[in-house]
Amino acid sequence: MGKIISVANQKGGVGKTTTVINLGYALGEMGKKVLIVDGDPQGNATSGISPLKDKKPNLYSALIEEVPIEKVIYPLRDGKNPIRENLFLIPSNIDLAGAEVELVSMLFRELKLKELLKKILDNFDFIIIDSPPSLGLLTVNALVASDFVLIPLQCEYYALEGISQLLKTINIIKKNLNQDLDILGVLLTMYSRTTLAQQVVEEAHNYFKEKVFKTLIPRNVRLSEAPSYSLSIFEYDPDSTGAEAYKELAKEVVERVS
């Protein structure tokens, strides 16, 4: 049975979507069958690896309009790259913002995504969910559906601010809605060889101990350029430090979930 990982942090700009795309691709490169679920109305995971941003049916269709989950899964194969044969996507766009409002009045609203993904879990080795930069119902749905949460942490000032609120939310969900939820790890992103970045690394290790991944994701221009071409870093610049880092992260993830 596949493992479901949410990538979550209510702060924006910490590398959630970059991690979803490139961790997904790196796992695909290891021969794993991977489904990326774009759970953010901004739709950046969708546009960052595909031309499917305006594609319907999408995640909103499955959550709100009761379109079967199988109908909103799209292969990312392009006929040229064999690794993309292992990659699949449930796309999203701004439509999903309406789901946050519409879910409020529904019964068992926190369980909607879990119920959908349960039907297709056996088809994949990994399902990776990109969460919005908030702790609203979409993020709660992602965490309730997941086995693990991966928390990206930017190596900058105020990096740990707000983390206590995220951890509180995770604990509430673990207690009331998903007792199997576990923190897979804390991923330090946008790392550079500065005193400030080093301080954040030390603070993270003091706070999260062994939960911090050994892999550091560097501040790397190529990583930020790749999504504008709808490509992973492995397709855009396979020799970059960013590609090397995400390859190492994928190995750590496989080791931790097994």
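Buried, as used in these legends, means under 20% relative accessible area, with exposed being over 50% and partly exposed in between (1.4 Å probe, protein chains only). The model is predicted, so local features need pLDDT of at least 70 and side-chain atom pairs count only at pLDDT 80 or more, while totals for chains, interfaces and linings use all residues. Residues are numbered from 1 along each chain as its sequence is written, and side-chain values use heavy atoms, with hydrogens and water left out.

View 1. Let us start with Thr215, which is found in strand 8 (residues 212-218); helices (H or I, at least four residues) and strands (E, at least two) are DSSP runs, numbered from the N terminus. Thr215 is buried, because its relative accessible area is 9%. The side chains of Thr215 and Glu252 are joined by a polar contact of 2.6 Å. Such a contact is a pair of N or O atoms within 3.5 Å; within protein, one must be able to donate a hydrogen and the other to accept it, and residues adjacent in sequence count only if both atoms are side-chain atoms. Beyond neighbours within four places in sequence, Thr215 is in contact (heavy atoms within 4.5 Å) with Leu187, Leu188, Ala245, Glu248, Leu249 and Glu252.

**View 2. Asp40 in its loop.** Here you can find Asp40 in the loop between strand 2 (34-38) and helix 2 (44-47). Asp40 is buried, because its relative accessible area is 5%. Its side chain makes a polar contact of 3.0 Å with the side chain of Gln42. Setting aside neighbours within four places in sequence, Asp40 is in contact with Ser92, Leu96, Asp130, Ser131, Pro132 and Pro133. Asp40 and Ile94 are 54 residues apart in sequence, yet 8.4 Å apart in space, C-alpha to C-alpha.

**View 3. The largest nonpolar core.** A nonpolar core is a set of buried Ala, Val, Leu, Ile, Met, Phe, Trp, Tyr and Cys residues joined through side-chain atoms within 4.5 Å. The largest one has 36 residues, of which Leu23, Leu27, Phe126, Leu150, Leu184 and Val253 touch the most other members. Helix 11 (residues 241-257) gives this core its largest share, eight residues. Not counting residues up to four places away in sequence, Leu23 touches Ile128, Leu150, Tyr246, Leu249, Ala250 and Val253. Another core, of 28 residues, lies apart from this one and includes Ile4, Ala99, Phe124 and Ala145.

**View 4. Helix 6.** Take a look at helix 6 (residues 137-145), where nine of its nine residues are buried. Among them are Leu137, Thr139, Asn141 and Ala145.
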